[in-house]
Amino acid sequence: LIQPLLPTSHSFPNELRIGLLSYKGLNEVDKAFSYAIGVINKNRTILPHTTLVPEILEMESAEDSPSAIIRNVLDLVNRRVSVVVGPFRSSHAQMASYILSELRIPMITPTARKGLGR
C-alpha cells in the first residue's frame, strides 16, 4: 500500500508523513491508524530507510461545514503529508479530493461510496 506512493528512484525519503482526517469521537480509527504506522515502522523490511510519521487531524463532527472541511485539508497539506486517509463521509471526501488531486496528494477514503476527483 505504501510502496507505490514512494519515489521511483533509489533515494527514499527519511520521513513520510501520512495524514488522517478523522472525526472527534472515532478513537478506534485513530488508534488503528497509529497502530498500523507503528507496525510498519518496527518492521524495517517494509520501509528500511523511511519512518512513517502520523499526522492526525480530528474534525469537530461529521456535520462540519464545507469551509471547515477545506480548512482541515489545507492544515494537513501544510503539515507536508504525502498521503491522506479520510475523510470518511462521501460528501467530505468529494470536497477534499478537489484540493488533494490538484496537489497530486493521494487520498484513501475507505468508507466513501461515491466517485471522487475530476
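In the predicted model described here, Leu-20 stands opposite Ile-56 in strand 2, and Leu-20 also stands opposite Val-85 in strand 3. Residues are numbered from 1 along each chain as its sequence is written. Because this is a predicted model, local features need pLDDT of at least 70 and side-chain atom pairs count only at pLDDT 80 or more, while totals for chains, interfaces and linings use all residues, and side-chain values use heavy atoms, with hydrogens and water left out.

Strand 1 spans residues 15-23, and seven of its nine residues are buried, so that this strand is largely enclosed by the rest of the structure; buried here means under 20% relative accessible area, exposed means over 50%, and partly exposed lies in between, as found with a 1.4 Å probe on protein chains only. Strand 1 is joined by nine bridges to strand 2, residues 51-59, and the two run parallel, where pairing requires that DSSP finds at least two bridges between two strands.

Taken as a whole, the four strands form an open sheet in the order 2-1-3-4, with parallel pairing. Strand 2 and strand 4 stand at the edges with a single partner strand each, so one side of each is left without a neighbour in the sheet. Helix 1 lies across strand 1, strand 2 and strand 3, and runs at about 170 degrees to strand 2. Helix 2, residues 66-78, packs on the sheet as well, where it touches strand 1, strand 2 and strand 3, and its direction makes about 160 degrees with that of strand 2. For these angles, axes are lines fitted to C-alpha atoms, for helices over the stretch in contact, and the values run from 0 to 180 degrees between N-to-C directions; contact means heavy atoms within 4.5 Å.

Asn-41 is found in helix 1 and is buried at a relative accessible area of 18%; leaving aside neighbours within four places in sequence, Asn-41 is in contact with Thr-50, Thr-51 and Leu-52. Ile-105 is placed in the loop between helix 3 (90-102) and strand 4 (107-108), and is likewise buried, with a relative accessible area of 13%. When residues up to four places away in sequence are not counted, Ile-105 touches Val-77, Val-81, Ser-82, Val-83, Val-84 and Leu-100. Of these, Ser-82 is 23 residues from Ile-105 in sequence, yet the two are 6.0 Å apart in space, C-alpha to C-alpha.

A search of the whole structure finds six salt bridges, each defined as a side-chain nitrogen of Lys or Arg within 4 Å of a carboxyl oxygen of Asp or Glu. The side chain of Arg-17 meets that of Glu-15 in a salt bridge at 3.3 Å, N to O, and that of Glu-55 in a salt bridge at 2.5 Å, N to O. The pair of Glu-55 in strand 2 and Arg-17 in strand 1 links distant parts of the chain, 38 residues apart. Glu-55 is buried at 14% relative accessible area, whereas Arg-17 counts as partly exposed at 24% relative accessibility and Glu-15 is partly exposed at 45%. A salt bridge of 3.4 Å, N to O, is also formed by the side chains of Asp-75 and Arg-79, of which Asp-75 counts as partly exposed at 31% and Arg-79 is partly exposed at 26%. Glu-15, Arg-17, Glu-55, Asp-75 and Arg-79 are linked in a network of salt bridges.

With regard to confidence, the mean pLDDT of the chain is 86, and 84% of its residues reach 70 or more, where pLDDT is the predictor's confidence in each residue, from 0 to 100.
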